[in-house]
Amino acid sequence: MTKRHGYALLAAVIAMIVAISGAIYVGAAADHGTGGTRDATADNRAPRDSAAPASAGTWVGTWSASPAAAEPGTETNGMAGRSVRNVVHTDVGGTEARITLSNLYGQQPLNITHASIAVAAAENDAAAVADTMRRLTFSGGTTVIVPPGQQIMSDAVRVRVPRDSDILVTTYSPTPSGPVTYHPHARQISYAAQGDRTEDVTATAYTEQTPHWRYLTALDVLSDESVGTVVALGDSITDGITSTEGADHRWTDILADRLRTAAGSGDVPRYSVVNQGISGNQVLAEGLGRPADNPSGLNRLERDVLDRTNVKAVVIDLGVNDILRNQGQADPAAITDGLREMVRRAHARGLRVVGATLMPFGGHRGYSRTRDAVRRAVNAEIRAGKVYDAVVDFDEALRDPYDPRRLRADYDSGDHLHPSDKGYERMAEVFELGDLKGATPAEL
């Protein structure tokens with residue numbers, strides 16, 4: 001071999017190494033910042049000028065909702081040929097955003113060909129602020145296929161998301177996808193329109209209203225306002241089922257307001273709050289189907305708490321449905337053992353756990369002295385420090401001082417189980433914000 005041929009061969013080898021390295025780098029960059037391995041496939045590769053470059057800040061959850069079941073009436077066509085515009089309310093703001101879409105209860109692939117995010121022009125409105133409309137991509141592509149039982153996180157997109165504001169997340173699917181994965185009790189009106197109106201900034205086409213959130217399960221932001229996320233895991237009381245619709249008056253909303261206002265002062269952590277309440281949820285039992293409708297707290301802990309973005313602490317308010325929905329006499333030891341198991345698993349991830357006492361339900365159709373005795377036995381264990389790292393005593397804060405078996409009248413929505421707006425506000429007010437921060441014990 002001549003020297004010239006040797007140099008040529010060496011140059012070719014170097015060029016091949018550079019090309020392979022570049023391909024590896026591009027592949028790694030496509031997965032960076034997505035929260036882990038993707039559960040779906042994306043195609044229609046597009047220029048990534050809408051995707052966000054690396055910026056200063058911390059990724060936190062600013063809104064979330066647990067997938068709870070398959071939406072009735074969508075078994076055949078899903079939302080084929082329609083644009084779904086979810087309206088969600090943020091906690092903290094940020095300079096970049098990304099979403100998570102779920103096809104957990106779908107029986108066919110969910111084909112999303114177009115998705116967008118924008119700031120709402122007004123509260124509870126389907127119209128967008130025009131210069132905030134952004135097209136979303138998934139691994140660089142505008143189209144994504146989410147297989148049944150799986151979820152997908154979008155790429156980050158540059159958009160200024162204001163704190164304490166409404167955001168519009170819109171998806172379009174042209175083909176039938178089977179059952180729609182949804183959260184039924186949003187306490188927020190969202191919208192749908194015929195055809196692909198994903199980037200339509202007006203509300204004209206969005207004539208269909210719905211009290212559900214569809215497909216969308218999380219909105220994360222790159223924020224300089226927060227360093228972590230608090231997840232509230234609960235039932236209909238956390239879901240805010242009797243709070244005023246569109247008013248963002250769940251107890252978690254008001255807790256988020258308190259944390260934002262006091263962030264950084266004293267022992268108050270700079271955390272966002274996301275709500276993972278499901279109406280009817282229990283610690284131990286769950287609904288029918290595979291995956292189960294309304295999965296138990298134990299079942300969904302990993303999905304709805306441990307896998308949330310940058311979680312630092314969890315607040316658990318579960319147990320009353322285990323008592324009310326048990327045809328026999330619920331075992332208080334079984335309930336507290338289930339709660340302890342959830343705490344143990346959270347501790348294994350380094351999370352601090354604050355737990356709530358169970359509020360009274362005297363006057364509710366499910367009330368009995370036997371059931372109330374179970375509730376009081378569970379509360380005794382919680383107050384004794386034998387379940388959680390710290391306790392928020394919702395029972396003491398909202399019960400009638402003259403009849404502790406009942407909610408105080410002005411804190412009662414009228415069904416003698418769920419709080420009124422004033423009751424939800426009281427729940428947030430009695431929360432010791434500093435309890436969300438602190439060392440996690442090895443065991444209780």
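Reply: Happy to! Let's start with a term: a residue is buried if its relative accessible area is under 20%, exposed if over 50%, and partly exposed in between, using a 1.4 Å probe and protein chains only. By that rule Trp251 is buried, at a relative accessible area of 0%, and Phe431 counts as buried too, at 2%. This is a predicted model, where local features need pLDDT of at least 70 and side-chain atom pairs count only at pLDDT 80 or more, while totals for chains, interfaces and linings use all residues. Residues are numbered from 1 along each chain as its sequence is written, and side-chain values use heavy atoms, leaving out hydrogens and water.

Now to the rings. Those of Phe, Tyr and Trp (its six-membered ring) pair if their centres lie within 6.5 Å; planes under 30 degrees apart are stacked, over 60 edge-to-face, and the rest tilted. Searching the whole structure gives four aromatic pairs. In one of them, Trp63 and Trp213 have ring centres 5.1 Å apart and planes at 80°, so this pair is edge-to-face. Its partners sit 150 residues apart, Trp63 in strand E2 (residues 58–64) and Trp213 in strand E16 (residues 213–214); strands are DSSP runs of E, at least two residues, and helices are runs of H or I, at least four, numbered from the N terminus. Both Trp63 and Trp213 are buried.

Trp251 and Phe431, by contrast, are stacked, with 6.4 Å between centres and 15° between planes. Trp251 belongs to helix H3 (residues 251–262), and Phe431 lies 180 residues away in the segment after helix H9 (421–429). Ring pairs also bring in Phe394, making a cluster with Trp251 and Phe431.
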